Amino acid sequence: MKKVFLSLITLLYSFTAMALTLNFGSLECLKGQKNIVVSLDLTNTTYMSNYTVEEFLNKAPRSKNWKEGSIRQFVTEFNEKTNKIGLKVVDEGETEYELQIVPGNINSAGEFVKVEVNVLKKSTKELMASMTLDTDDGDKNDEIAFRDTMGELGERLGSFFNLKLKKINNK
């Protein structure tokens, strides 16, 4: 009985630790949208708070196309979750909105910490919605850097968007 109780407490803690928080705006702007382009901005991201992303990348052999591979993993996972609501994230193309992923830090396991996810109107760069979350899946020496963490982000954000957009589309 104690083991079951401790397992439930651990599970609840892990859910709260991985919480996705909508900090600004709403996803109303995406009502009726079919596609949204995704971008990964590592400009201000640090590794272990003291090092650059380049120093993280140099810790293991990487594919020349690691960024594209990571984004493709995000696209696959996100689209699996949003398939029924008709919104797809794409890695390139003309869309009205952009889903911008901005990690704050990379931890020792290769996971993104304090990820800011913004929905921007592409033509004006106006911020429509902003949310934050952490990841708990990463691989510090994967040939395609950030594939695991981007896959997890895609899955979690896809589920969140699916839930929110179902409500918005049913209004």
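Which residue forms a salt bridge with E152? The partner is R156, with the closest N and O atoms 3.3 Å apart; a salt bridge here is a side-chain nitrogen of Lys or Arg within 4 Å of a carboxyl oxygen of Asp or Glu. The structure is a predicted model, so to speak a computed one, in which local features need pLDDT of at least 70, side-chain atom pairs count only at pLDDT 80 or more, and totals for chains, interfaces and linings use all residues. Residues are numbered from 1 along each chain as its sequence is written, and side-chain values use heavy atoms, with hydrogens and water left out.

Back to that pair: E152 and R156 both sit in helix 4, 4 residues apart, or about one turn of the helix. Helices (H or I, at least four residues) and strands (E, at least two) are DSSP runs, numbered from the N terminus. E152 counts as buried at 10% relative accessibility, and R156 is buried too, at 18%. The cut-offs are under 20% relative accessible area for buried and over 50% for exposed, with partly exposed in between (1.4 Å probe, protein chains only).

The salt-bridge count comes to 4. One of them joins the side chains of D142 and R147, at 2.8 Å from N to O. D142 is buried, at 8% relative accessibility, whereas R147 is partly exposed, at 29%. Another links E96 and K121, at 3.7 Å from N to O. E96 lies in the loop between strand 5 (88-90) and strand 6 (97-106) and K121 in strand 7 (residues 112-121), so this pair ties together parts that are 25 residues apart in sequence. Both ends are partly exposed: E96 has 37% relative accessibility and K121 has 24%.

Now for the helix packing. Helix 3 (residues 66-82) and helix 4 (residues 147-169) have axes that come within 7 Å and cross at roughly 25°. Axes are lines fitted to C-alpha atoms, for helices over the stretch in contact, and angles run from 0 to 180 degrees between N-to-C directions.
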